[in-house]
Amino acid sequence: MRLGFSPNTLLSQSFSSSLLLPSLVFSLSNSQLLPHSRLHLQHPLSLKTNSSGRKSAIIRMHKVDHTIESTPVNLMAREQEFTEVNRNLYPNVEPYSAGFLKVSDIHTLYWEQSGNPNGHPVVFIHGGPGGGTGPSNRKFFDPEFYRIILFDQRGAGKSTPHACLEQNTTWDLIDDIEKLREHLQIPEWQVFGGSWGSTLGLAYSQSHPDKVTGMVLRGIFLLRKKEIDWFYEGGAAAIFPDAWESFRDLIPENERGCFVDAYKKRLNSDDVEIQYGAARAWTKWEMMTAHLLPNEENIKREDDDKFSLAFARIENHYFVNKGFLPSDSYLLDNVDKIRHINTTIVQGRYDVCCPMMSAWDLHKAWPEADFRVVADAGHSANEPGITAELVAANEKLKNIIKNKGN
């Protein structure tokens, strides 16, 4: 049973000043209110005059929806200890160092560091694959506490060669993360990643569990066939039929048996204009479906041909090759390797790009991880409720680290 708020009260475009109300912990039966729900009070308040002439405050709220099983007892106790964690983005900071790391005879990666040079290291693993990083990615972390490391994966962002598919596999990227860690002389670090970043974050942590101090994962993508089919072969079209049409119509009817294969042909065409046309259509489809409510700024990213080509070509390359993973359930099968790592999973209830079934499967396989379902959000890390949970997750790990030092 959900708290009785209408959609209009749940959704608000203003999130610049939100206050965390204390956790509401209910001792009701499972058929009543979900336990451990959170409310966010948003300013400004407005006053409404009712028929009797009395004024009452209209409060806009955001609710994080937790299932009965979502928070293990030890994590509930830990959260009660840190009830006043910050949930707002930090101000932007500029890098104090940046450079390029040659990781193969072909590829060179861009990397940067910001925040506290002597702080706790955290590596930001971007989505896509092929999405690259940007300045706003630094704002999820307290710059006084964290040493914030961003890097662009092979072929993405400022890394070179641009949109290159050669020597570009999940295992190459895992090796790259280790090479970067060693290059920066970091013994161990925190991992933060969303969407494809959650995939690579899981794969890296399962390969090097002794190098990971904690994880924050968002919009879980396990790279299973049913997830790719859902988004690229017509499942999500049931929710976004208008956005689907332009993605579908680029492909002739006789090639629509597999859209991923049809787009591969065009994204790797000898004709650059055909490549760009396919890249724009691929990127637009994802950007139009990434938010619960349409985000025009995000959708406009399709107009950037350089971004779109890397984003579409590299994504398609990974999806055609099933993420280069040995089995469909590989990431779930190897959860035992990382079960001991303090982790928060953040998932938008109405995520169309990476539907909640994957986060739920990961939660069931890994109940020790703190599982956060944001009731009024889609896929993007920039949606208010997801942003709040991501910042709070980093704050909780920060407090755990601080307390260990005491």
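This is a predicted model: local features need pLDDT of at least 70, side-chain atom pairs count only at pLDDT 80 or more; totals for chains, interfaces and linings use all residues.
Good morning. Helices H7 and H10 are oblique to each other.

What lies behind the word oblique? The axes of H7, residues 259–267, and H10 come within 10 Å and cross at roughly 135°. An angle over 145 degrees would have counted as roughly antiparallel, and one of 65 to 115 as roughly perpendicular; the pair is therefore classed as oblique. The crossing of H7 and H10 is left-handed.

Which residues meet where these helices come together? On the H7 side they are Val260, Asp261, Tyr263, Lys264 and Leu267. On the H10 side they are Ala312, Arg313, Asn316, Phe319 and Val320. In general, an α-helix has 3.6 residues a turn, so residues three or four places apart point the same way.

Let me turn to H10 itself. This helix covers residues 305–320, 16 residues in total. From first C-alpha to last, H10 reaches 22 Å, close to the 22 Å expected at 1.5 Å a residue. Is H10 mostly enclosed or open? Of its 16 residues, 13 are buried, so the helix is largely enclosed by the rest of the structure.

Both ends of H10 deserve a remark. After the helix comes Lys322, whose phi is positive, near 55°.

I now widen the view to the protein chain. The chain has 13 helices and eleven strands, and buried residues make up 55% of its 406 residues. Among contacts with a separation of 6 or more, 73% join residues 24 or more positions apart.

Two single residues complete the picture. Val191 sits in strand S8, residues 189–194. Its relative accessible area is 0%, and since buried means under 20%, Val191 is buried. Leaving aside residues up to four places away in sequence, Val191 touches a set of residues including Val123, Ile125, Tyr204 and Val216. Tyr204 is 13 residues from Val191 in sequence, and their C-alpha atoms are 9.1 Å apart.

Pro91, by contrast, is exposed, because its relative accessibility is 61% and the cut-off for exposed is over 50%. Pro91 lies in the loop between helix H2, residues 73–81, and strand S4, residues 97–102. Pro91 and Lys139 are 48 residues apart in sequence, yet their C-alpha atoms are 6.0 Å apart in space.

Thank you for your attention.

How values were computed: Residues are numbered from 1 along each chain as its sequence is written. Side-chain values use heavy atoms; hydrogens and water are left out. Helices (H or I, at least four residues) and strands (E, at least two) are DSSP runs, numbered from the N terminus. The expected span of a helix is 1.5 Å times one less than its number of residues. Buried means under 20% relative accessible area, exposed over 50%, partly exposed in between (1.4 Å probe, protein chains only). Axes are lines fitted to C-alpha atoms, for helices over the stretch in contact, and angles run from 0 to 180 degrees between N-to-C directions. Angles under 35 degrees count as roughly parallel, over 145 as roughly antiparallel, 65 to 115 as roughly perpendicular and the rest as oblique. A crossing is left-handed if the near helix is turned anticlockwise from the far one by less than a right angle, and right-handed if clockwise. Contact means heavy atoms within 4.5 Å.
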